[in-house]
Amino acid sequence: MFASIERVPGDAILGLIELFNQDNNPNKIDLGVGVYRNSQGHTPILQSVREAEALLLTRETTKAYIGSHGAPDFAQHMLPMILGEQSPVLAQQRASLTQSPGGTGALRIAHDFISRCLGTDRRVWVSNPTWPNHHAIIKAAGLTSAQYRYVDEHNQLDFSGMLEDLQQAQAGDVVLLHACCHNPTGFDLSQAQWQQLLELIRERQLLPLLDFAYQGFGDGLEEDAYAVRLFAEQLPEVLITASCSKNFGLYRERVGAFVAIAADATQMETIRSQIAVVARANYSNPPAHGSAIVATILGSQELSTLWHDEVSQMRQRISHLRHSVVDALKPHGLDQQFTCFTEQRGMFSYSGLTPEQVTHLQKEFGIYMVSTGRMNMAGLTEHNLTYFSQALAAVCR
Ligand code: LMR
């Protein structure tokens, strides 16, 4: 039976980890998978996480199941972080949170929920380009996708193209949006643009699904929640997927959340019952350790303050690097070509490099990035900037 199964290529992003590890070039630079790196090029365990784990070691009394929706204290702390302390949506009890195995798990629950409860005859509109796994998850849930324009041929945000394409969506279609730090481009909508998009979504009766994987990496934890909170407060039905991978540095612990907002508390309870069935059929209960770390941090004034500082430091380091790399490109006459680095936000930059240039960087210089030209800016350090800019100059010649 297995003889007829075809081999498929490795994942465009995760496959780079292995290739990078096998490369013997002493100057190699990993700008592939989206993990934060410090100035030593290391992905550290946050101090707030270390302290929370030490507390958990003494406090935890059981490893019994935590239930399909996850730990209640995790939900209690995450909901205000996502929706705002004073959110009217919380006061009206319209929001349900289901803990998930990472942001990816949240996206899978979201799409399985759509497919199970709303049917498969609606399309999910995704940005072109988007995180490649969006396409895979939509397909795995039995749904079909459609694309809206997001960047133009000059590697700039194409907001009018986006609106024009979404005018073609049918009532009931889902629009998957990156709430902040767009992956892969790094181009985010302004507040005025979010408001315009909200009107289109309202008018055309579309269902927004906001992928919120990088809260804290754009302009700040509160600032980055602008679109999520605007939509949650202005629309009766909204879906949100959140991740604690990046802002808590808990990548391998798999901590995320699926938030469903309904028109009222009764509807919320109804859809919550359906979401439990979706989670149960996927993995039954989410893993508990990572969510316990998050709940411990957010539940402690002291750890929370420390964590806020650590998130700011990560954000500021990346933002600083964005400017440093453009400075380092000046002597090569490339600063104008790459001003996009300072306009984009979050971990990623869509560099505008062609797949051939990306291959050239990889083969000749040991610099790894996704073939679409997406770079993880956090992979640059003060030590490798010169080497990186020389290599970029060589492939752009
Ligand atoms: C990325 O886009 O690099 C990250 O979100 C990691 C992943 O799972 O692809």
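**Domain arrangement, ligand shell and local backbone features**

Gln93 counts as partly exposed because 13 C-beta neighbours lie inside 10 Å; on this scale a residue is buried if 20 or more other C-beta atoms lie within 10 Å of its own, exposed if 12 or fewer, and partly exposed in between, with C-beta atoms placed from the backbone. The model is a predicted one, in which local features need pLDDT of at least 70 and side-chain atom pairs count only at pLDDT 80 or more, while totals for chains, interfaces and linings use all residues. Residues are numbered from 1 along each chain as its sequence is written.

Gln93 is located in the loop between helix H4 (88–91) and strand E2 (95–100), where helices (H or I, at least four residues) and strands (E, at least two) are DSSP runs numbered from the N terminus. Although Gln93 is not a glycine, its phi is positive, near 50°. A positive phi, near 55°, is also found at Gln205, again a residue other than glycine. Gln205 belongs to the loop between helix H8 (191–203) and strand E6 (207–212), and it is exposed because 12 other C-beta atoms lie within 10 Å.

Two cis peptide bonds are described here. One joins Asn128 and Pro129, with omega about 10°; Pro129 is found in the loop that runs between strand E3 (123–128) and helix H6 (132–140). The other leads from Asn183 to Pro184, with omega near 25°, and Pro184 is placed in the loop between strand E5 (174–178) and H8.

Asn183 also takes part in the surroundings of the ligand, together with Ile13, Val33, Gly34, Trp131 and Asn133; a residue is near a molecule or strand if its C-beta atom, placed from the backbone, lies within 6 Å of it. By residue type, this shell consists of 3 nonpolar, 3 polar and no charged residues. In this grouping Ala, Val, Leu, Ile, Met, Phe, Trp, Tyr, Cys and Pro count as nonpolar, Asp, Glu, Lys and Arg as charged, and the others, Gly among them, as polar. Domain 1 and domain 2 each contribute at least three residues to the shell around the ligand.

The domain assignment of the protein gives domain 1 (10–45 + 302–396) and domain 2 (65–299), with bounds that come from an automatic or database domain assignment. Their C-alpha centres are separated by 26 Å. Across the boundary, 26 residues of domain 1 are in contact with 24 residues of domain 2, contact being defined as C-beta atoms, placed from the backbone, within 7 Å. On the side of domain 1 that touches domain 2, helix H12 (301–329) and strand E9 (348–350) each supply at least two residues. H12 provides the largest share of that side, 6 residues. The side as a whole divides into 15 nonpolar, 8 polar and 3 charged residues.

Helix H11 (residues 289–298) is largely enclosed by the rest of the structure, because 9 of its 10 residues are buried. These are Gly290, Ser291, Ala292, Ile293, Val294, Ala295, Thr296, Ile297 and Leu298. The buried residues of H11 pack against helix H2 (47–59), helix H3 (72–83), E2 and H12.

According to the unreviewed UniProt entry, residues 27–392 carry the feature "domain: Aminotransferase class I/classII large"; UniProt positions are given in the numbering used here, feature names are shortened, and annotations may be inferred rather than shown by experiment. Over residues 27–392 the chain is 45% helix and 14% strand, and the end C-alpha atoms are 14 Å apart.

Definitions and conventions:
Two residues are in contact if their C-beta atoms, placed from the backbone, lie within 7 Å.
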